Number of protein chains: 2
Amino acid sequence: MRLDSGAMLGPFTLAYQTYGALNAAKSNAVLVCHALTGDQYAADDHPLTGRPGWWSTLIGPGKPIDTERYFVICPNVIGGCMGSSGPREINPETGRAWGLDFPVITIGDMVRAQALLLDALGIGQLFAVVGGSMGGMQALEWASSYPERVFAAIPIATAARHSSQNIAFHEVGRQAIMADPEWDSGGYLGSGRSPSRGLAVARMAAHITYLSEAALHRKFGRNLQDRLAITYGFDADFQVESYLRHQGSTFVDRFDANSYLYITRAMDYFDLAAEHGGQLSNAFDASPVKFLVVSFTSDWLFPTPEARAIVRALTNASASVSFVEIETDKGHDAFLLEEPELFRTISGFLDGCAEQRGLPQSRPSGAAQIDRKAQRPRRGIRTDLKLIADMIQPSTRALDVGSGDGALLEYLVHEKGVDGRGLELDPDGVHLSLAHGLAVIQGDANTDLANYADGAFDYVILSKTLQAMRDPRTVLEHLVRIGSHAVVSFENYGHWRTRLGLLLGGRAPVDPDRPYSWWESPNIHPCTITDFIGLARAMNIEIEEAVVLGPAGRIVRSARPKPSANLFAEQAVFLLRRR
Amino acid sequence: MRLDSGAMLGPFTLAYQTYGALNAAKSNAVLVCHALTGDQYAADDHPLTGRPGWWSTLIGPGKPIDTERYFVICPNVIGGCMGSSGPREINPETGRAWGLDFPVITIGDMVRAQALLLDALGIGQLFAVVGGSMGGMQALEWASSYPERVFAAIPIATAARHSSQNIAFHEVGRQAIMADPEWDSGGYLGSGRSPSRGLAVARMAAHITYLSEAALHRKFGRNLQDRLAITYGFDADFQVESYLRHQGSTFVDRFDANSYLYITRAMDYFDLAAEHGGQLSNAFDASPVKFLVVSFTSDWLFPTPEARAIVRALTNASASVSFVEIETDKGHDAFLLEEPELFRTISGFLDGCAEQRGLPQSRPSGAAQIDRKAQRPRRGIRTDLKLIADMIQPSTRALDVGSGDGALLEYLVHEKGVDGRGLELDPDGVHLSLAHGLAVIQGDANTDLANYADGAFDYVILSKTLQAMRDPRTVLEHLVRIGSHAVVSFENYGHWRTRLGLLLGGRAPVDPDRPYSWWESPNIHPCTITDFIGLARAMNIEIEEAVVLGPAGRIVRSARPKPSANLFAEQAVFLLRRR
């Protein structure tokens, strides 16, 4: 195999574990990619530590990556130290351990090696590739380099390029190893010595970055370790010191210092955009892969803006992408921990994909059953949503801003053949949409519309949400920028009931249909039909069509609503276009 | 001197620099406290590195800490390595370097040594004590231990206790030093060797924590160091690696590894609350010190919540406290850099304090002159603010929520002898208030009222702000919780002009006095007098007095406004009390 550096590696070894069974069509394979210090023991006990596999909570019968349904493959990366070719293994040419003679590898090299493994297993297309942190980098690399071999990809807590700060932390770790005289320029293997102290320091520094300030505070605070008072010395007075020292000392028993150098370097070198002319979206141009990107609120190693950069690039490349940001204080390590939101997100997304891929349903059991029960049968939609749907031409591309539970989106996709995408703030709405196979990004219309490219969609829909926006004008600007057309619906505050309430009752107008009091209304910028037309005019936006919904469901269509509409219409839907 | 550990240290040496001249009254001394790796060379060139003093931008003639006005003292802390007693110095009992025989010291010990220095200089009370990071810890310790010896204190980018995560980072640094065989259990001094590699790794790890992801990205990104392509090796391919290595290698030329252990340990042990029965406010009980607390938005080593915890404790201790959070991407290091907002904050606050302390004005020059010109002469206040002021009894304690430029607060303080405090979001408003000697906390009424204790004030004032709150009911709850009384004013949306606008014009009501359009109004929860009374009733709040302001300045007072008020009043002021 030719490596990115130009060096040749081969024949090489890839150590891997599998879980579950490959189906006859070979269409149910899930590749699980491990992180920096992980290995192939994802779901069974580790042979060195005896501890459960690092993703045994996620992979197994009835679990989110259900081994009764999927065939899971987890290889140790090349450069690793659990049996795959790497600096600890014997260089066949010299008969001695590779040490620093092992060629420097990249994430691309790791993935190329895995593709050869799939060839050997006779698997053409993966149903899914899943990984967190460096595993997420591999998932992105897979989707970019082998789009036809990946049906779905789930990169978690990761980035499309290693940040300056992350390179800096890796460099500290490498310098700690290299500062240890026992490292011996990488030649310690076979000498019976090893740079344990340097590697432990590297691990300690890195381990802090895997957690969060809040998690450390919650777990340890300033608690003392087995003592009642500080000792005025340099022992581990504090629990957090003792914990870190333990992390360092146990790590060196299972990991090779040179492997640590090689793998951190591979992560540092990762920069998908740079490999594609500086444009990340080029890495995914017209990708058929279905993506689910996941980040965690308290992850400061791979913070949410990194995930959003991936989502933005995928959106601009017209790829199918869903995104979920999971609220947790557990930091980067959240992807390895019991995180119910992560589990239901992955399981829902895989369910939706499996249906599209034509995989048989798994037998209903446990959590999966509950999800399935929550599925709505495909039925009609609310009158106001139907008015919107009628404005959308079939087989176009549409973005539903504030897509809720996905009802309108589902209708558009299944009844009108629309390539529909959603943007929704509420995690439950996003989850329900994912489980229905819809591509929905968790985000806030107040802030996240800026991430969409000009003209990315034929239609951008905003249904009964404008009045709740912090800055309706900017939102409207985005709608007509992102879409060739925008469809906007709202409840009319010019309705006579509202007017009469203020005139006679002397109370500020509130949503006539909902029981909000003035002090709790989310409708912070209510508007009348006249108001809305005024804004459209001020922004030089053309109203192509207006539909107003009056009492007893009376519908009036026109390009120019009459002033009386402002008095009698309860709702209005506008089809807009930038002039 | 008896140390916190119980050990005795003495006689001991404190190396220090001074700038400017002590006045005859000895009332103009400013103590500047340095951070972990700082020293006494705050404002002149460093004897080892030849570089300008670490705070030479802040201290000097005409600078924020104006040496033509103040007498600045900057001592090297005990435990340091620039001449003060510490592990590098000779132990007089043995004639050899102290090494690890030097007693472990605390922030309290550092401050006690400085107090002895002031005794020796004949200075009873400091005009101010100022410091960032560990220097801020010393400023807090000074104010807590010697409240009568400190007129004003400015703790910057600091915390009242070292967090779990910060202890963890320090522990990594110490382990890196101790892992270096050259450290020799601290006995390297005099051997001609030193744990340079370990100390460099410690510095590299720490240095990352002083910056921010954004600053690193802005400065270095993924730029390569003197090369066109990555080299597939372990050299410093990236600029950030090269920069970090440089930081490490230059640091070891000027700093002693054992000092690093001692000073990091002193920071770890710092926990003001623990020294006062677990209640931080006890550390400042009835403190006469005027505090200015400063934090930086991108500082993740001492993040803003740590500063807010100090501010909350000081508020609960009834101390005079101002707080400013400065917007910057420079991270923790911002306190050492050219940061105009920091400079104007410190200079404005010191101006306000100097006036109260009776120090002569510095001759107007440069930036200071501009500030002075911006000062308003003390004059009357707007009619609506006067209505509020009339409701406040003299010599009480009042909090003005949304205090703006401090006009009402200044009136209350100077005309009615009120002990007044402000809460204001706008940095310019906060700055103007500080320069007038007012105690104002930069914060958001939507979120920060929760930080105030029950019954902390006699009056809490909210002027023309309720309608702009995200959650007016919760804000009102806080007002009557924090104050024995609340005073709330607002513009009446029940006014006939507003009603007529919606009735006849069919446009959503906007602020009648300001030119907002419906889509841009900050008044997201407008209310009428009837609405407000309804809410007060729902919350079981007693209206003690209501004053409504009608056309042509007509003022009507009553405990129960008539329904006609809702039609004709343009503004209303309510005096409220929790029942």
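Two residues are in contact if their C-beta atoms, placed from the backbone, lie within 7 Å. This tour uses that term at several stops.

**Before you start**

The structure is a predicted model, in which local features need pLDDT of at least 70 and side-chain atom pairs count only at pLDDT 80 or more, while totals for chains, interfaces and linings use all residues. Residues are numbered from 1 along each chain as its sequence is written, and chains are lettered from A and ligands numbered from 1 in the order in which they are written.

**Stop 1: B:Tyr188**

Select B:Tyr188, which sits in the loop between helix 3 (164-179) and helix 4 (196-210) of chain B; helices (H or I, at least four residues) and strands (E, at least two) are DSSP runs, numbered from the N terminus. Not counting residues up to four places away in sequence, B:Tyr188 touches B:Glu182, B:Trp183, B:Arg193, B:Ser194 and B:Pro195. Is B:Tyr188 buried or exposed? With 21 C-beta neighbours inside 10 Å it counts as buried, a word that applies if 20 or more other C-beta atoms lie within 10 Å of a residue's own, whereas exposed applies at 12 or fewer and partly exposed in between, with C-beta atoms placed from the backbone.

**Stop 2: all of chain A**

Taken along the principal axes, the C-alpha atoms of chain A fill a box of roughly 90 × 65 × 45 Å. Of the 579 residues of chain A, 56% count as buried, and among contacts in this chain between residues at least 6 apart in sequence, 69% join residues at least 24 apart.

Colour the chain by domain next: chain A is divided into domain 1 (16-162 + 272-357), domain 2 (167-265) and domain 3 (375-578), with bounds that come from an automatic or database domain assignment. The C-alpha centres of domain 2 of chain A and domain 3 of chain A lie 54 Å apart.

**Stop 3: the nonpolar core**

In soluble globular proteins, nonpolar side chains tend to be buried together. A nonpolar core is here a set of buried Ala, Val, Leu, Ile, Met, Phe, Trp, Tyr and Cys residues joined through C-beta atoms within 7 Å. Which members of the largest nonpolar core touch the most other members? Of its 378 residues, they are A:Val30, A:Ala128, B:Val30 and B:Ala128. Centre on A:Val30, which, leaving aside neighbours within four places in sequence, is in contact with A:Ile65, A:Tyr70, A:Phe71, A:Val72, A:Leu126, A:Phe127, A:Ala128 and A:Val130.

**Stop 4: a hairpin in chain A**

Select strand 17 (residues 541-549) and strand 18 (residues 555-558) of chain A, which pair in the antiparallel sense over four bridges; strands pair if DSSP finds at least two bridges between them. The bridge partner of A:Val547 in strand 18 is A:Arg557. This hairpin has five residues between the strands, and A:Ala552 takes a positive phi near 55° there.

**Stop 5: backbone details**

Most residues other than glycine have a negative phi, and most peptide bonds are trans. A:Lys464, although not a glycine, has a positive phi of about 50°; A:Lys464 is found in the loop between strand 15 (457-463) and helix 15 (472-482) of chain A, and with 19 C-beta neighbours inside 10 Å this residue counts as partly exposed. B:Ala157 also is not a glycine and has a positive phi of about 45°, and B:Ala157 is buried, with 30 other C-beta atoms within 10 Å. The peptide bond from A:Gly10 to A:Pro11 is cis, with omega near -5°, and A:Pro11 lies in the segment before strand 1 (16-19) of chain A.

**Stop 6: both chains together**

Finally, show both chains: a rotation of 180° with 0.0 Å of shift along its axis superposes chain B on chain A (RMSD 0.1 Å), by least squares on the C-alpha atoms of residues with pLDDT of at least 70 in both. That is the relation of a two-fold axis. In chain B, the C-alpha nearest the axis is that of B:Ile524, 2.2 Å from it. The copies meet through the same surface, because 98% of the interface residues of chain B are also interface residues in chain A.
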